[in-house]
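Please keep the sequence and the model at hand while reading.

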Amino acid sequence: MNRNRATAAAIAALALAGVALTAWTGLAAATTARQNGTIVGAGSTFVVPLVTKWTQSYKPSKIVYSGIGSGGGITAISNRQVDFGASDAPLSKDQFSGCHGCVQIPWAFSATSIPYNVSGVGYGLKLTGNILAGIFGGSIKYWDNPQIKKVNKGVKLPHEKVVPIYRSDASGTSYNFTDYLSHVSKAWKTRFGKGTQPSFPVGVGARGSSGVAGKLKTTPGGITYVDVAYSLNNKFKIAKIQNRAGRFELPGIAQIRAAARSLKRIQSKDNSVTVVNPNAKAKFAYPICTFTYVILPLKSGKAAEVKRFVDWAVTKGQSYGPKLRFVELPKIVQQKARKTLSRVHS
């Protein structure tokens, strides 16, 4: 019964996705497409801008990808409804077990931006990790709060209510954001911790990256967290976040690349890695960055086609990233990704 419920939930999620599977009705049509040779994937909305570019540029196979959220992607690949899943959060032990023989491979790297809609306030409002923890934890209620004013001298902050906007679905972006908050705020780590669907005590929820972006547009005093590409596409005002070197940085290419270069080794056997709040030696790094992962079954009837696509994505496909604020994978990550990919077989 539980399996049937999980299957039904995944089918519903795929049917609701408005990105790539809307031309089909449910799982049967997706299955037909897979049988016709199309490679079908689903998951992370964070990586949609880059995967969309990949699907337009990759020639050997037709790729169809649906941004239904990291949680939906994990469910879909675990039930083998798609050929690959995608998540911005590494799989937990239970998720690895439920995936029945899967590997996760980091295939893209970018940043979670913090856009806001504060009346009369321009681009680049300065925020610290503790301020963000206070906002999303409910202790900072108005934009003219003394903590915000202290780091934004000369900025006229309105007495406007702060409205945190969070992802209501299981989201790797939520994981990245709460992983960062857990690193910079002991209070946050103790009370809420990190997760793909954390229990935010205040604010309003919206589904998907496009959902929180849309909500921010119509919410005076709103603030949210979303992949930087969505902020740029929507022309949002983006906050400067203080890093461990004490600098306030925007999520620009140079700052994201500095965060990527701070990674010197991968210690985990399953490729999970966190790069939030890198050490002070990464002087110009933007502190809320994340890898996003493709999830593959070790054994697949489409192993050859899928391996060819993913290998292209982690090598030549990286060149499409910078315009979308995805930076090239560090060499050590690329090497580990290709080594893991070699384990996938028919």
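The sections below treat a disulfide, a serine in a loop and a pair of helices.

## Basis of the report

The structure is a predicted model.

## The disulfide

The structure holds one disulfide. A disulfide is a covalent bond between the sulfur atoms of two cysteines. The partners here are Cys 99 and Cys 102, with their sulfur atoms 2.1 Å apart. The angle about the S-S bond is -65°, and the link of Cys 99 and Cys 102 is left-handed.

Both Cys 99 and Cys 102 are buried. Cys 289 also counts as buried, because its relative accessibility is 1% and the cut-off for buried is under 20%.

Ser 171 lies in the loop between strand S7 (163–167) and helix H8 (172–184). Its relative accessibility is 1%, so Ser 171 counts as buried.

The side chain of Ser 171 reaches the backbone nitrogen of Thr 173 at 3.0 Å. When neighbours within four places in sequence are set aside, Ser 171 is in contact with Ser 70, Gly 195 and Thr 196.

## Helices H13 and H14

Helix H13 (residues 303–314) packs with helix H14 (residues 331–341) at an angle of about 175°, and their axes are 10 Å apart. H13 is therefore roughly antiparallel to H14, since angles over 145 degrees count as such.

On the side of H13, the contact is made by Lys 307, Val 310, Asp 311 and Val 314. H14 contributes Gln 334, Ala 337, Arg 338 and Leu 341. By class, the contact of H13 with H14 has four nonpolar, one polar and three charged residues.

Methods. Residues numbered from 1 in each chain as written. Predicted model: local features only at pLDDT ≥ 70, side-chain atom pairs only at ≥ 80, totals over all residues. Heavy atoms only, no water. Axes fitted to C-alpha atoms, helices over the stretch in contact; angles between N-to-C directions. Helix = DSSP H or I, 4+ residues; strand = E, 2+ residues; numbered from the N terminus. Parallel < 35°, antiparallel > 145°, perpendicular 65-115°, else oblique. Contact = heavy atoms within 4.5 Å. Nonpolar A, V, L, I, M, F, W, Y, C, P; charged D, E, K, R; others polar. Buried < 20%, exposed > 50% of the residue type's maximum accessible area, 1.4 Å probe, protein only. Polar contact = N/O pair within 3.5 Å; in protein donor to acceptor, adjacent residues only side chain to side chain. Disulfide = S-S within 2.5 Å.
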